[in-house]
Structure formats: structure tokens, C-alpha cells
Amino acid sequence: MAATGDEAAAMESISKAPVPLTDLNLTLTAEPEPEPEPEPEPRRDAATNDATENQKAKRPSNNNDGGVETAEEATEPAEPDINELCRDMFDKMAVFLQGELTATCEDYTLLENMNKLTSLKYMEMKDISINISRNLQDLNQKYASLQPYLDQINQIEEQVTALEQAAYKLDTYSKKLEAKFKKLEKR
């Protein structure tokens with residue numbers, strides 16, 4: 001059942017009460033603004049206080065007097081300080097970003113160390129390849145200096161091969177000659 005009379009008027013005045021602008025003052029700066037001093041409540045004259053107390057006294061209690069339901073004023077939970085929440089959020093965001101930046105810096109430091117190590121390995125490989133090239137040039141020079149001797153060896157080998165062929169021919173001829181001599185001797 002809906003509230004009537006004085007209760008309805010009290011509820012309407014509560015729902016239409018303006019929110020003070022100081023509650024909505026949000027700041028996003030690093031330094032908090034000083035909070036404004038609370039406004040003094042307007043003085044009520046004695047007649048108003050008496051009228052309010054009389055209305056409280058006239059309110060029916062929660063017992064079921066006459067079947068009229070009463071609405072009690074709902075109290076809202078105290079809102080946390082927006083500035084403190086913003087400061088807390090920014091502090092946590094700063095810690096998060098600091099962690100991200102630290103991780104990125106460590107990644108770059110690791111990459112730099114890996115690049116230095118790779119550079120050192122390539123320098124070692126360069127030194128090794130220079131030594132191999134130098135040794136190869138020395139071997140080529142030695143081979144060039146031995147080339148006349150190798151040519152002489154090749155000539156000697158050709159002469160030996162020719163001499164061997166001549167020896168085989170001579171052997172074959174001597175066998176034929178021996179066979180003819182034995183034939184003639186038998187006669």
C-alpha cells in the first residue's frame with residue numbers, strides 16, 4: 001500500500017533533494033585538491049524543529065495500526081572517497097606499468113647481451129676463417145713450389161710405363177725366339 005499524507009511528502013522531499021556539487025568533484029591530477037569545508041547547515045527555528053519532532057511522534061509504529069504500512073527512510077551506504085579511490089587506482093596502475101617497463105628493459109638487456117655474445121662468436125669465427133684462408137694460401141704456395149717435381153714424377157711414370165711395355169714386348173719376342181730355337185734344335 002502506498003504512503004499517504006505527511007509520509008508521502010517526506011518521501012518526495014528525500015527523492016528530490018539535490019546532490020551537493022562537492023560530492024561530484026573529480027580530480028585527475030597528481031596532487032589532490034584540498035577538500036572544501038562542509039557547508040554549515042541552515043539554522044532551523046524552534047517552530048520547525050517542533051513540527052519535525054511532532055511528525056516523528058505521529059508516525060505509526062511497525063505494529064499494524066489501522067492496516068497502514070509505513071515506509072522507513074533507506075540509508076545509503078557511505079560512498080568511499082573518490083579521490084582516494086582514484087589515487088589508489090593510479091598507484092596500482094603505476095606499479096603495473098613499472099612492472100611492464102621493467103620487464104621490457106630486462107628483455108632489451110637480455111637481447112643486448114645475446115647480441116654481444118653473438119658478435120663475439122662471429123669475431124671468433126672470423127679469426128678462424130682468416131687462419132684457414134692463410135693456411136690455404138700457404139698450402140697453395142707449397143703446391144706451386146712442388147709442381148715442377150710433380151711434373152718430373154709424371155714424366156718418370158710415363159717413361160716407366162713405356163719401359164714396361166717394351167719389356168713385355170721383349171719378353172714376348174724372346175719366348176717366340178726360344179720356341180723357334182728349340183724347334184730348330186730338335187731337327
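Biologist: Where is Lys183 found, and what makes that stretch a helix?

Modeller: Lys183 is found in helix α3, residues 82-186. Helices here are DSSP runs of H or I with at least four residues, strands are runs of E with at least two, and both are numbered from the N terminus. Please keep in mind that this is a predicted model, where local features need pLDDT of at least 70, side-chain atom pairs count only at pLDDT 80 or more, and totals for chains, interfaces and linings use all residues. Residues are numbered from 1 along each chain as its sequence is written, and side-chain values use heavy atoms, with hydrogens and water left out.

Biologist: How many helices and strands does the protein chain have?

Modeller: The protein chain has three helices and zero strands, in the order α-α-α from the N terminus on.

Biologist: Why is Lys183 called exposed?

Modeller: Buried means under 20% relative accessible area, exposed means over 50%, and partly exposed is in between, with a 1.4 Å probe and protein chains only. Lys183 has a relative accessible area of 61%, so it is exposed. Across the protein chain, buried residues make up 2% of the 187 residues.

Biologist: What makes Lys183 part of a positive surface patch?

Modeller: Lys183 forms that patch together with Lys176, Lys180 and Arg187. Lys and Arg count as positive and Asp and Glu as negative, while His and the chain ends are not counted. A patch takes residues with over 30% relative accessible area and no salt bridge, joining like charges within 9 Å and nonpolar side chains (Val, Leu, Ile, Met, Phe, Trp, Tyr) within 5 Å. The place of a charge is NZ of Lys, CZ of Arg, CG of Asp or CD of Glu. With its 61%, Lys183 therefore passes the accessibility condition.

Biologist: Which residues form a nonpolar patch on the surface?

Modeller: Tyr143, Leu146, Tyr149, Leu150 and Ile153 form one, with about 520 Å² of accessible area together. Such areas come from the Shrake-Rupley method with a 1.4 Å probe, and for residues only the protein chains shown count as cover. Leu146, for example, lies in helix α3. Its relative accessible area is 45%, so Leu146 is partly exposed.

Biologist: How do you know that Glu112 and Lys116 meet in a salt bridge?

Modeller: A salt bridge is a side-chain nitrogen of Lys or Arg within 4 Å of a carboxyl oxygen of Asp or Glu. For Glu112 and Lys116 the N to O distance is 3.6 Å, so the pair meets that definition. The two are four residues apart in helix α3, about one helical turn. Glu112 is partly exposed at 41%, and Lys116 is partly exposed at 48%.

Biologist: How many salt bridges does a search of the whole structure find?

Modeller: It finds four. Among them, Lys175 pairs with Asp171, the closest N and O atoms being 3.7 Å apart, and Glu178 pairs with Lys182 at 3.5 Å. Lys175 and Asp171 are four residues apart in helix α3, and Glu178 and Lys182 are also four residues apart in helix α3.

Biologist: Is Lys175 buried or exposed?

Modeller: Lys175 is exposed, because its relative accessible area is 51%.
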